[in-house]
Amino acid sequence: MFVYADNAATTSISKTALDAMLPYLTENYGNPSSLYAFGQKAAEALAEARQTIAACINAEPREITFTSGGSEADNQALLSAAKLGERKGKKHIISTAFEHHAVLHCLARLEKEGFSVTLLDPHEDGVIRLEDVEKALREDTCLVSIMFANNEIGTVQPIAEIGALCRSRGIPFHTDAVQAAGHMPIDVKAMQIDMLSLSGHKFHAPKGVGVLFARKGLLLTNLIEGGGQERGKRAGTENVAGIVAMAAALKESCANMEKDNARIIPMRDKLFTELSKIPHSKINGSLEHHVPGTVNMCFEGIEGESLLLMLDDRGICASSGSACTSGSLDPSHVLLSIGLPHEVAHGSLRLSIGEYNTMEEIDYIIETVPQVVSYLRSMSPVWDELEKGLRPHLI
Ligand SMILES: *Cc1c(COP(=O)(O)O)cnc(C)c1O
């Protein structure tokens, strides 16, 4: 059996998105900046996509800037707010220790440029507390950037509350909503969000296309110099087909959200319930504040990397954390941020399921993971010491 359970890393393109984009790769290949009618067809498709995406998050079409993905949107949001802050002599940024590297590495760059950055730790449940954000606010805070849902442990943050706090203090609030889009309702007005990042390939559009929402009046800095596309905020001929696909995919995901989640949540919960029966295992992240499809667990005495390789042999695609950290031997910064010891964080497994998974696949995972964990433990010197009482169990 082949089971794709890594939807937080990327998703397959939906038929709706593929059908929507194909004409813009074939007959309608015009440049949307051209004046003739043929190019205008592409321009109209862009305008329609902008409207569709804006409607999905309750924004205005002109508040939508198309980017090459979530990473670019995050970078542009952070650098724009930093530039605006710098002009007013405000150089303090609040974010969290468990952001995606697109945010964390961009903040590290800003730190080198003289910004001071406060990274809040989530609590053990993987949720940031409003009080912690409030306490960290300073006179010179120019940006608060807190992710909507974490990509490794799937926990959802109190976005509307943080939005209200930031709005009341006049501080721009950005959220990386890449893991939430298409899976949870997003309303930038009700949640008082000033900037928000999306990535198409996390909700069944192709890779290489994303969105930065910026509330009107908030001046974006362009990362790329060139032509005047995207109201001068993002130079370069637009990825018309990708953008059309992204709009179709987001519209479809939002329209089917309730129906899809009614299937996905029971599958996720079955994974949690059944895999928790493995002795010395632990669920990471609050179950109460959680995206529908993500399961993250630790199994004591094994290496996450070995677990992934053995699952791969059995046809299961999973991850031990973010796609960017698998392959490196450092434990996940997300798991460390919720207070897990290194030894425990090393034995992590992320399964992220989506619209296209079936209960049969879930049952196959439930049958396979305990077998693999037992096998790896039988070969693990660490497990041997734990069993002999030579070192204490941590979970
Ligand atoms: C995948 C992801 C990104 C990066 O998006 P790309 O389109 O791959 O650049 C950023 N943030 C989060 C939370 C993600 O899951």
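Tutor: In this predicted model, contact means heavy atoms within 4.5 Å. Leaving aside neighbours within four places in sequence, Val 144 is in contact with residues including Ile 94, Val 133, Leu 137, Ile 162 and Phe 173.

Student: What makes Ser 95 a buried residue?

Tutor: Buried means under 20% relative accessible area. Ser 95 has a relative accessible area of 0%, and is therefore called buried. Ser 95 lies in strand 3 (residues 92–96).

Student: Which residues does Ser 95 touch, not counting those up to four places away in sequence?

Tutor: Ser 95 touches Val 103, Leu 107, Thr 118, Leu 119, Leu 120 and Ser 145.

Student: Why is a set of residues called a nonpolar core?

Tutor: The name applies because its members are buried nonpolar residues joined through side-chain atoms within 4.5 Å. The largest nonpolar core has 65 residues, and Val 144 is among those with the most contacts inside it, as are Ile 53 and Phe 148. Helix 7 (residues 240–255) gives this core its largest share, nine residues. A second, separate core of 29 residues includes Ala 5 and Ile 302.

Student: What is the volume of the largest pocket, and which residues are closest to its centre?

Tutor: Its volume is about 380 Å³. Of the 22 lining residues, the closest to the centre are Lys 88, Cys 142, Gly 170, Ile 171 and Pro 172.

Definitions and conventions: Residues numbered from 1 in each chain as written. Predicted model: local features only at pLDDT ≥ 70, side-chain atom pairs only at ≥ 80, totals over all residues. Heavy atoms only, no water. 1 Å grid on protein atoms, 1.4 Å probe; cavity = no way out; pocket = protein on both sides within 12 Å on 5 of 7 lines; lining within 4 Å. Points joined across faces, edges and corners; volume = space filled by probe spheres on them. Buried < 20%, exposed > 50% of the residue type's maximum accessible area, 1.4 Å probe, protein only. Helix = DSSP H or I, 4+ residues; strand = E, 2+ residues; numbered from the N terminus.
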